[in-house]
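Below is a short briefing on one protein chain.

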Amino acid sequence: MAVSPRISVVIAAYRPGDGFDHVITSLDAQTLPQEEFETIVVDDGSPDDTFERLSALAATRPNMRVERIENSGWPSRPRNVATELARGEYVFFMDHDDSLYPDALRRMSEYARETRADLLSPKESKTSDAWWGMPALVDGDVPDAVVDGGIDRLLPMVPHKLYRTAFLREHGIRFPEGRRQLWEDIYVNVEAWRHAEHVAVLADTPVYLWYSSATNNSKTYGPKSEEFWDRLDELMAFIDDTLDGPAHAAARRSALLHQYRGRVLTRLSRNLVSATPEEAAMAMGRARAIQDRYVPEEWDDGLRRQVRARALLLRAGRADLLAQLWTVDADSSAQVVAERPVWRDGALQLAVEARWCDRAGSPIGLVRDGDRLRRDLPPELLEVLPPAVVDFTDALGDLTLDLGLRDRPASVTWQVPVEQRTSWTDLDDGRVAPLLTATASIDPERAALGAPLQVSVHDVVVKLHWDGADRAGAVRYRGPAAPAVLPGRTAVAYRSQKNALALDLSAAMRNVVADGGGLGPGPVRGDLGALEADLPNVAVQSDAVLRVTAALRPVRGGAEVLLDGELTATAGRARLRLGTTASVAPGAYDLAIGLGDGPRLGSKPVRVAGRGLTVETAAEAARSRSTSPIDRLPQPVGRVLRGVRRRLRG
């Protein structure tokens, strides 16, 4: 590569196995021409054939370079070595088993140049978490987070970000090395924030997909070990020192509080539930030392109630109550149920009700205390916690909901704006519970931050927040499907196998013909040469003529018979036409219908007699397909004999 590339993609590798297939396949598929980026892979002394496999890949890719170093034990040194070798204007760090979305490198480099960014934080997704990284992206693209939003725009502080190469070298920004160096990415991002003149956030383009697995090294260390607290103390000290001075005071406070909430208060509380007395005493002592050293007591006042309660119990040294409070808090979930969605003006109109419930699904109620409402907590907690953290009378407005569409195969989430209101509801036992109702208008042509959603299956997902606690989940739905013909596409909102609301824009799981409602029990109009049916369930939002294919599959063996036709949508009405010139033997069949080249779905039991086609009810199908002579008798006689058969078998 004679010309310096735009981007150097840096990958630290150690026994990646088949996971590296994700990396190489996604790099080969980039819209940025291959000659405009380079890939530098540094093998951290893998004891298997990793280096040979990587070298074989590089031999067929002129823009790929592979180096090998003595095992260092952590990704830091391989990344630093590769950064020194980088020739690109920007450096982007990947893990050895993740992938990039196709337009990632092109869009990142263009936006970084446009915003003059020293550091760019992109839209990242995670296979195991629909809401991963979403809070920092909710406002869309941010040209300069230094003046708009602050250091929290970098969350999550993973290494999968774009850095200007000269910027890293000018300030000597490197990953801290060592065989067991926790949270090395936070060190780099905090130092980069300290020195950056411009920090951009790219939200409109999916960039990075993290394949979640059990191999994340930092997960193997927890609050029950001294090492966890040693490394966390070092990290807090680094943040405290690096972001010193008035210019960085807000970033310093925000970064320290982020670690305090997540790694001290949350992880400590969770681990105390199963800790031995010795482990609990050690963890509490170390946590208290960090609290005293880095978190002034007045900062606790800015925490949400449910988090502030943990902070107060930690300051009081009550490991027993911290564990008890965690157990109480953990017994909560978000229960969000959708009403029947309706298509209007090309958009799906959705209404949901959300409740804060226990794991059994019952609403969590507040106790009336005069004219106040407080949490229903065990007496031991109420004796220690002050009213400020158990009084929820004014907490109704803190119950909020995020709504998103999760691209099922691509693992990309797009947040959807909602209008919401909250109210108190009385429970049968005299307690009071909060209720949130929300509405959203989901336009598939604009739901991806103003751009069209991918032609795919999207799950409707939610995250419910209440004064410091968050619960994510699906939107429950048990109603009928809502099919629609939209400008340039079709869509079906439907109940998934998990009784959750999903939206199929691809006709892969559901299609408008199968869900159109026109093929109910009874004879279908016309004959096998020209079958016709209205599809009354289809909301026609745009005129269209769509190709339809169908198959008659014999129940008792034999070749299937293909039918061709079309769906015509016009003047608010959808009609189906199907036909075949082939000869069809009388008998029982399953009819499956597909849209365009999509799979044939919605298998219906049908009976062919002559050239006529009749859709059977479930009972009719059971009789006509049974091999038992009793089951095939007329209904009154068959019912009596089937009853006799059941008694004899009993």
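**Aromatic pairs and overall make-up**

Tyr208 counts as buried because its relative accessibility is 0%, where buried means under 20% relative accessible area, exposed over 50% and partly exposed in between, with a 1.4 Å probe and protein chains only. The model is predicted: local features need pLDDT of at least 70, side-chain atom pairs count only at pLDDT 80 or more, and totals for chains, interfaces and linings use all residues. Residues are numbered from 1 along each chain as its sequence is written, and side-chain values use heavy atoms, with hydrogens and water left out.

**Aromatic rings**

- Rings of Phe, Tyr and Trp (its six-membered ring) pair if their centres lie within 6.5 Å; planes under 30 degrees apart count as stacked, over 60 as edge-to-face and the rest as tilted.
- By this rule there are nine aromatic pairs.
- Phe92 and Tyr208 make a tilted pair, with 6.0 Å from centre to centre and 55 degrees between the planes.
- This pair links distant parts of the chain, since Phe92 lies in strand 4 (residues 90-95) and Tyr208 in strand 8 (residues 199-210), 116 residues apart.
- Phe92 is buried too, because its relative accessible area is 0%.
- Phe228 and Trp229 form an edge-to-face pair, at 5.0 Å centre to centre and 85 degrees between the planes.
- Both Phe228 and Trp229 are buried.
- One aromatic cluster is made up of Phe93, Tyr163 and Phe175.

**Overall make-up**

- The protein has 15 helices and 31 strands; helices (H or I, at least four residues) and strands (E, at least two) are DSSP runs, numbered from the N terminus.
- Its C-alpha trace spans about 85 × 75 × 50 Å along the principal axes.
- Of the 650 residues, 53% count as buried.
- Contact means heavy atoms within 4.5 Å; among contacts between residues at least 6 apart in sequence, 69% join residues at least 24 apart.

**Nonpolar cores**

- A nonpolar core is a set of buried Ala, Val, Leu, Ile, Met, Phe, Trp, Tyr and Cys residues joined through side-chain atoms within 4.5 Å.
- The largest such core has 80 residues, and Trp229, Leu232, Val264 and Leu268 have the most contacts inside it.
- Helix 8 (residues 249-272) gives the most to this core, with nine residues.
- Apart from neighbours within four places in sequence, Leu268 touches Pro223, Trp229, Arg263, Ala283, Met284, Ala287, Leu314 and Leu322.
- A second, separate core of 46 residues includes Ala338, Leu403, Trp414 and Val416.

**Helix packing**

- Axes are lines fitted to C-alpha atoms, for helices over the stretch in contact, and angles run from 0 to 180 degrees between N-to-C directions.
- The axes of helix 8 and helix 10 come within 10 Å and cross at roughly 70 degrees.
- Helix 8 is therefore roughly perpendicular to helix 10, a label for angles of 65 to 115 degrees, with under 35 roughly parallel, over 145 roughly antiparallel and the rest oblique.
- In this contact Tyr260, Arg261, Val264, Leu265, Thr266, Leu268 and Ser269 of helix 8 meet Val307, Arg310, Ala311, Leu314 and Arg315 of helix 10.
- By class, the contact of helix 8 with helix 10 has seven nonpolar, two polar and three charged residues; Ala, Val, Leu, Ile, Met, Phe, Trp, Tyr, Cys and Pro count as nonpolar, Asp, Glu, Lys and Arg as charged, and the others, Gly among them, as polar.
- Helix 9 (residues 277-294) and helix 10 (residues 305-315) have axes that come within 10 Å and cross at roughly 110 degrees.
- Helix 9 is therefore also roughly perpendicular to helix 10.
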